[in-house]
Amino acid sequence: MVYCLESKACMITVHLLVQSLKKLKLYKPDVIKGDMDSVRGDVLDFYKNMGTKILNKSEDQDTTDLHKCVTYIKDSTLDQEKSNLCILVAGALGGRFDHEMGNINVLYRFSTIRIVLLSDDCLIHLLPRTHQHEIHIQSSVEGPHCGLIPIGMPSGMTTTSGLEWDLNDTEMRFGGLVSTSNLVKQDKITVQSDSDLLWTISLKKK
């Protein structure tokens with residue numbers, strides 16, 4: 001399924017119309033959801049006529065469009081399938097900083113769901129403190145630059161393996177040490193921490 005934040009609908013439409021109407025139909029979203037404060041009416045009508053489901057949640061101003069979409073996906077997924085659910089969010093980074101922070105906050109609000117934020121340059125996802133994590137690096141498309149970032153609360157102890165500069169029961173906090181500009185050295189990275197961490201890794205451009 002393809003879900004679209006209403007704030008991205010105009011951008012996608014203009015970009016694909018420049019290429020061809022055929023491509024626009026190829027990338028037609030199944031659902032557009034949001035508070036409808038950014039999308040043009042003619043764009044909504046265009047997708048509606050193509051069979052896209054339009055969900056207007058303008059009455060909800062306390063959550064972001066991404067939060068609304070993740071809620072819809074979660075509620076639409078069968079309970080037995082939720083453990084395997086992975087949501088890829090394209091265009092989630094690289095714009096306004098407050099929007100980026102809102103998207104990162106969604107990772108914490110839905111910490112039991114694997115959500116990956118993507119930009120042209122990198123990806124970000126949450127490593128909940130409830131698990132020891134194994135990250136398998138796809139070296140053909142990602143790396144070598146990476147980082148582990150504590151947001152929300154400091155990390156008293158973080159231990160890693162497979163990095164150029166591994167952590168060994170290391171404390172991390174803003175105002176102190178934060179593991180940025182690190183490098184992956186192995187195909188498998190392990191991370192264990194007493195705090196939720198953001199994992200980020202660079203993406204290779206073709």
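Visitor: How many bridges join strand β8 to β13, and in which sense do the two run?

Guide: Two strands pair if DSSP finds at least two bridges between them; strands are DSSP runs of E of at least two residues, helices runs of H or I of at least four, numbered from the N terminus. In this predicted model, local features need pLDDT of at least 70 and side-chain atom pairs pLDDT 80 or more, while totals for chains, interfaces and linings use all residues. Residues are numbered from 1 along each chain as its sequence is written, and side-chain values use heavy atoms, without hydrogens and water. Five bridges join β8 (residues 142-149) to β13, and they run antiparallel. Within β13, Trp 199 is the bridge partner of Leu 148.

Visitor: Which strand pairs with β13 over six bridges?

Guide: Strand β6 (residues 122-127) does, in the antiparallel sense. Here Leu 123 has Ile 201 of β13 as its bridge partner.

Visitor: Why is β13 described as largely enclosed by the rest of the structure?

Guide: Buried means under 20% relative accessible area, exposed over 50%, and partly exposed in between, with a 1.4 Å probe and protein chains only. Six of the seven residues of β13 (residues 197-203) are buried, so the strand is largely enclosed.

Visitor: Which residues of helix α3 are buried, and which are exposed on its other side?

Guide: Val 43, Leu 44 and Tyr 47 are buried in α3 (residues 41-49). They cover an arc of only 100° around the axis, which puts them on the same side of α3; the arc is that of the directions from the helix axis to the C-beta atoms. On the other side, Lys 48 and Asn 49 are exposed. Just after α3, Gly 51 has a positive phi of about 100°.
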